[in-house]
Amino acid sequence: MRKLLLGLVAVGAVTLAAGRTAEAQVRFGANLSWGGDTDVGLGARLNFGVGSLADSKPIEGLITFDYFFPDESFGVDATYWEISANAIYRFVERGKGITPYAGGGVLLARSSVEVGSGQNSISGSDSDIGLSILGGLRFKTAGTLIPFAEARIDIVADNSQLVLSGGVYFGQP
């Protein structure tokens, strides 16, 4: 599992190094999410142009990390996080008033559960690879904060969930 995570990071780093045009600008962001099965989450994201494709095509890369805080009912302590690597297509030029986008990619989901406490506890964890399909809007502002709203469907194993996210990117529009 660590090799897969390192592989995703390596792909992102190589893609970042490949594109150094104005369109290949790198943006970092933070978000608050709500998942249909996983409740509230906090996240971070990296958005970047995809090498030479950014010069002629409105294609971007998007790497996201979300850590969710599932409801702890009945003495169950659960954690859930996911990291995804996506390709997105911008429907208008970057920096316009509202920039709609859509795309998809792969994700790695990790969940763990612990029931009880101390020596009487039972725990387990699982990791799965899945797909992510997303769409959203970015909003141009006068400053360097770029708000966004996004909806995605995460499909992992036999389960899927709707995730709604909102947040800001830090950088030039």
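These legends go with a handful of close-up views of a predicted model.

**View 1. How confident is the predictor along the chain?** Taken over the chain, the mean pLDDT comes to 81, and 77% of the residues reach 70 or more. Residues 3-11 keep a pLDDT under 50, and the model gives them seven contacts beyond four places in sequence. Residues 13-23 also have a pLDDT below 50; that stretch makes 15 contacts in the model beyond its near neighbours in sequence.

View 2. Seven residues make it up: Leu 62, Ile 88, Tyr 101, Leu 134, Ile 146, Phe 148 and Tyr 169.

**View 3. Now for Leu 62 and the residues it touches.** Leu 62 belongs to the largest nonpolar core. Leaving aside residues up to four places away in sequence, Leu 62 is in touch with Ile 88, Leu 134 and Tyr 169, among others. Its other contacts include Arg 45, Leu 46, Asn 47 and Phe 48, as well as Ser 84, Ala 85, Asn 86 and Glu 150.

**View 4. Phe 139 meets residues from elsewhere in the sequence.** You'll find Phe 139 in strand β6, which covers residues 122-139. What does Phe 139 touch, not counting residues up to four places away in sequence? The answer is Gly 97 and Ile 98, plus Ile 146, Pro 147, Phe 148 and Ala 149. Take Ile 98: 41 residues separate it from Phe 139 in sequence, yet their C-alpha atoms sit 4.7 Å apart in space. Phe 139 has a relative accessibility of 28%, so it counts as partly exposed: the buried class needs a value under 20%.

**View 5. Asp 39 has a positive phi.** Its phi is near 65°, and this residue is not a glycine. Asp 39 is part of strand β2, residues 39-49. Is Asp 39 exposed or partly exposed? With a relative accessible area of 27%, Asp 39 is partly exposed, because exposed means over 50%.

**View 6. Ala 157 has a positive phi too.** Here phi is near 55°, again in a residue other than glycine. Where does Ala 157 lie? Look in the loop that links β7 (145-156) and β8 (159-170). Ala 157 has a relative accessible area of 56%, so it counts as exposed.

Key. Residues are numbered from 1 along each chain as its sequence is written. This is a predicted model: local features need pLDDT of at least 70, side-chain atom pairs count only at pLDDT 80 or more; totals for chains, interfaces and linings use all residues. Side-chain values use heavy atoms; hydrogens and water are left out. A nonpolar core is a set of buried Ala, Val, Leu, Ile, Met, Phe, Trp, Tyr and Cys residues joined through side-chain atoms within 4.5 Å. Buried means under 20% relative accessible area, exposed over 50%, partly exposed in between (1.4 Å probe, protein chains only). Contact means heavy atoms within 4.5 Å. pLDDT is the predictor's confidence in each residue, from 0 to 100. Helices (H or I, at least four residues) and strands (E, at least two) are DSSP runs, numbered from the N terminus.
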